Amino acid sequence: MSEALLITPARELTPAYTARELVTVLFRHKRPAMLVFFAVLAAAILAALLLPSYHAEMKLLVKHERVDPIISGDQGSSQIQVAPPEITEEEMNSEVELLTSGDLLRQVVLANHLEQQVHSSWLHGNDPERKIALAVRHLRSHLQVQAVRKTNVIDVTLSSRNPRQAAAILDSLATLYLEKHAEVNRSGGQLAFFEQQTEQAKKDLAEAEGRLRAFNEKQQVAAPELERDNTLQKLADVTLSLEQTRAAVRETQHRIATLKELESSTPARITTQLQQGDNPQLMQQLKSTLLNLQLKRTELLTKYLPNYPLVQEVEKQIAETQAAINAENVRPVRQETTDQNPTEQWVRSELAKAEADLSGLRAREAATAAAVNNFQAAAQELNQKGIAQQDLVRSAKAAEQNYLLYLRKREEARISEALDRRRILNVAVAQEPIVPALPARSGSWYLLLGTLGAIFAAVATTFFYEYFDDTFRTPDEMRRELCVPVIAALPYYPQLSAAPGSPADVSSGQEVA
């Protein structure tokens with residue numbers, strides 16, 4: 001057994017702190033623990049009785065029901081934002097910063113005379129600015145301003161021991177904040193600026209209209225562009241007529257040349273009647289002679305032979321008569337009747353007419369060309385006048401637009417200032433500050449916190465005393481701290497502690513190892 005104790009380390013043989021030892025420690029130092037416990041508890045009860053804290057609260061709603069017009073040169077700039085835009089996180093943070101700004105809190109301090117509650121210092125004396133600065137610092141430390149997440153509401157809370165004063169401070173803070181908001185978001189001098197610009201634009205408009213009126217009277221034109229368009233239409237018609245006339249001239253010239261060719265190739269007279277036939281009297285005589293000769297030959301043949309000279313002479317006469325008859329048949333008698341050629345007369349009349357038409361067409365061509373030149377000159381002149389008039393009209397329109405723009409902007413500025421004067425803002429007090437009837441923390445809350453704090457302080461005090469106590473009271477403590485086995489332990493008796501040289505004196509009067 002002794003060998004096992006010598007071989008086995010003492011730290012392994014000694015168990016850790018037990019619950020009994022911990023409770024023993026608490027009871028060992030119960031006097032300082034009780035003192036600390038009751039002292040802390042008494043302080044908590046005194047704070048609950050003497051220092052009640054009241055929280056006055058108000059809520060501000062940030063909205064965009066009023067959308068101020070955008071001041072710019074665009075004609076439709078004031079109608080750009082049809083629907084109110086959403087509240088951004090930057091706007092909410094800006095309003096929070098405005099609520100906690102130093103100048104605004106200074107005005108709140110002065111309005112509620114909070115600087116009078118600051119005590120004078122022997123070092124700085126009765127300095128009013130220092131008192132105001134300290135009052136502002138004290139107000140900022142007790143003022144809590146935060147934007148409620150996922151809402152357009154700003155929660156403002158002020159903690160104070162005086163509930164009525166807290167409500168009054170928040171009320172003045174809301175009033176001064178609304179004035180500050182209107183002052184910050186108001187563009188000063190807009191109405192006066194736009195009134196001045198409106199009068200100047202009105203004068204410019206009158207001057208532009210006067211120049212346009214003087215130009216129309218001097219040039220004696222009302223609508224040069226319309227007259228130019230009419231002139232150009234007439235010019236197009238006259239130009240078309242000129243081209244048609246020139247085409248007619250070329251056509252007439254070609255016709256005259258053709259008619260002259262026909263005139264040179266057409267005879268003046270033509271045969272109107274042509275009759276062919278033989279000579280009836282001559283043919284009758286020849287035929288009668290032929291018949292007589294034939295009868296005579298027949299009579300001679302009855303008396304003579306064919307070779308009889310008289311018969312041959314008769315046959316020769318018959319042949320000559322027959323040849324004469326055949327010759328008359330070959331060369332018939334022609335009877336030709338001529339008259340004046342009507343084609344040649346028509347060609348001459350058409351030629352004369354074409355030459356007369358050509359003279360008229362040339363005259364019309366010259367007149368039409370002169371009209372074209374006149375219309376072109378008139379159109380160019382009207383175009384120049386139209387350009388000059390359009391320049392004046394544009395100036396007058398620009399002056400009119402500027403005048404209407406400044407007139408509308410002046411009205412918008414007047415409306416904005418009227419809204420500012422009537423305190424119609426994009427920030428409203430959603431919850432008015434009221435005097436809190438109950439403190440922020442009840443007495444039971446302070447009692448609970450005081451009890452928990454007293455218990456913690458008592459336990460801490462107990463272990464503090466135990467930590468600085470260097471005596472051993474049990475064998476386990478000695479084995480745990482010295483790491484050596486304890487062979488024997490003697491109980492401590494207080495009545496023996498006074499004997500000199502006793503073992504209890506060696507072990508600090510509690511236990512001997």
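**Exercise 1.** Work out whether Tyr-308 is buried, partly exposed or exposed.

*Solution.* Start with the cut-offs: buried is under 20% relative accessible area, exposed is over 50%, and partly exposed is in between (1.4 Å probe, protein chains only). Tyr-308 has a relative accessible area of 32%, so it's partly exposed.

A quick note on the model: it's a predicted one, where local features need pLDDT of at least 70 and side-chain atom pairs count only at pLDDT 80 or more, while totals for chains, interfaces and linings use all residues. Residues are numbered from 1 along each chain as its sequence is written, and side-chain values use heavy atoms, with hydrogens and water left out.

**Exercise 2.** Classify the ring pair of Phe-37 and Phe-38.

*Solution.* Rings of Phe, Tyr and Trp (its six-membered ring) pair if their centres lie within 6.5 Å; planes under 30 degrees apart are stacked, over 60 edge-to-face, the rest tilted. That rule gives 1 aromatic pair. The centres of Phe-37 and Phe-38 are 5.3 Å apart with planes at 80°, so we call it edge-to-face. As for cover, Phe-37 is buried at 18% relative accessible area, whereas Phe-38 is partly exposed at 47%.

**Exercise 3.** Find where Glu-115 lies and which side chain of opposite charge is nearest to it.

*Solution.* Glu-115 is in the loop between helix H6 (102-112) and helix H7 (128-142). The nearest side chain of opposite charge is Lys-131, 8.7 Å away.

How values were computed:
Helix = DSSP H or I, 4+ residues; strand = E, 2+ residues; numbered from the N terminus. Lys, Arg positive; Asp, Glu negative; His and termini not counted. Salt bridge = Lys/Arg side-chain N within 4 Å of Asp/Glu carboxyl O.
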